[in-house]
Amino acid sequence: MKAWKAVAVAALALAGCVAQPVQQPEVQPAPSIAPSSGSSSGARASARTFISVINRMEPAVERECVQRRTQPINCDFQFLVDDRSGLEPNAFQTVDAKGRPVIGFTLSLIGEARNADELAFVVGHEASHHILGHIDRKSTAAAMGAVILGGLASAYGGNPDAIESAQQMGAQFGARYYSKDWELEADYLGAIITLNAGFDPEHGAQFFARIPDPGDKILGTHPSSAARMQQVARAVADYRAGRAR
């Protein structure tokens with residue numbers, strides 16, 4: 001039994017680039033999740049839907065990873081659920097000590113999703129960050145920002161504390177500078193992966209309409225909800241026209 005299954009089942013018990021696809025997979029209507037996710041029956045429905053989504057998304061994610069990788073990255077994804085109570089709805093992508101990609105979800109995010117399409121799109125989006133190498137690119141950008149601002153502080157006679165503060169600020173700026181572009185890249189590829197697994201990413205992207213809109217701030221880490229939904233629509237149109245990147 002895979003780790004994500006073990007954790008998800010435990011939670012259930014506790015909560016009582018395809019340029020020209022030869023044949024486009026049929027998109028099936030996504031089953032709705034009971035709105036009363038805080039109840040025992042709602043929690044069970046959410047867990048069952050999540051497990052079903054992972055079973056369909058995992059092979060699509062790993063296939064896309066193998067087809068697109070230009071470096072020897074690990075494409076054996078691991079899916080985990082953080083079952084601690086009180087955490088905000090969130091999903092994240094990282095790698096473990098052996099370089100294996102990990103996609104994590106909080107229980108509240110699983111409960112917040114209204115249908116399988118929303119969960120599938122989140123999976124595709126987070127997996128795309130790994131496939132597109134965003135963690136390494138973020139680290140490089142952060143290091144570059146730290147060097148630049150730290151060097152400027154030193155050149156203008158800053159003391160060690162001022163230089164260290166400038167380096168920290170530069171790292172934060174560097175990591176944020178391209179983050180909105182990376183989010184949109186992950187939205188685009190995530191939509192393609194979601195389609196390949198037979199889900200509807202445009203329906204799934206409706207999740208954005210229910211969360212606070214981050215706007216389009218210069219140093220914001222995420223683009224506006226409208227921009228993200230437009231990106232998903234663009235990916236779907238490109239996919240159906242046989243020109244998906």
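Colleague: Is phenylalanine 121 buried or exposed?

Modeller: This is a predicted model, where local features need pLDDT of at least 70, side-chain atom pairs count only at pLDDT 80 or more, and totals for chains, interfaces and linings use all residues. Residues are numbered from 1 along each chain as its sequence is written, and side-chain values use heavy atoms, without hydrogens and water. Buried means under 20% relative accessible area, exposed over 50%, and partly exposed in between (1.4 Å probe, protein chains only). Phenylalanine 121 comes out at 3% relative accessibility, so it's buried.

Colleague: How are the rings of phenylalanine 50 and phenylalanine 105 arranged?

Modeller: Rings of Phe, Tyr and Trp (its six-membered ring) pair if their centres lie within 6.5 Å; planes under 30 degrees apart are stacked, over 60 edge-to-face, the rest tilted. The structure has 3 such aromatic pairs. In this one the centres are 5.1 Å apart and the planes sit at 75 degrees, so the pair is edge-to-face.

Colleague: How many residues apart in sequence are the parts this pair ties together?

Modeller: Helices (H or I, at least four residues) and strands (E, at least two) are DSSP runs, numbered from the N terminus. Phenylalanine 50 lies in helix α2 and phenylalanine 105 in strand β3, so the parts tied together are 55 residues apart.
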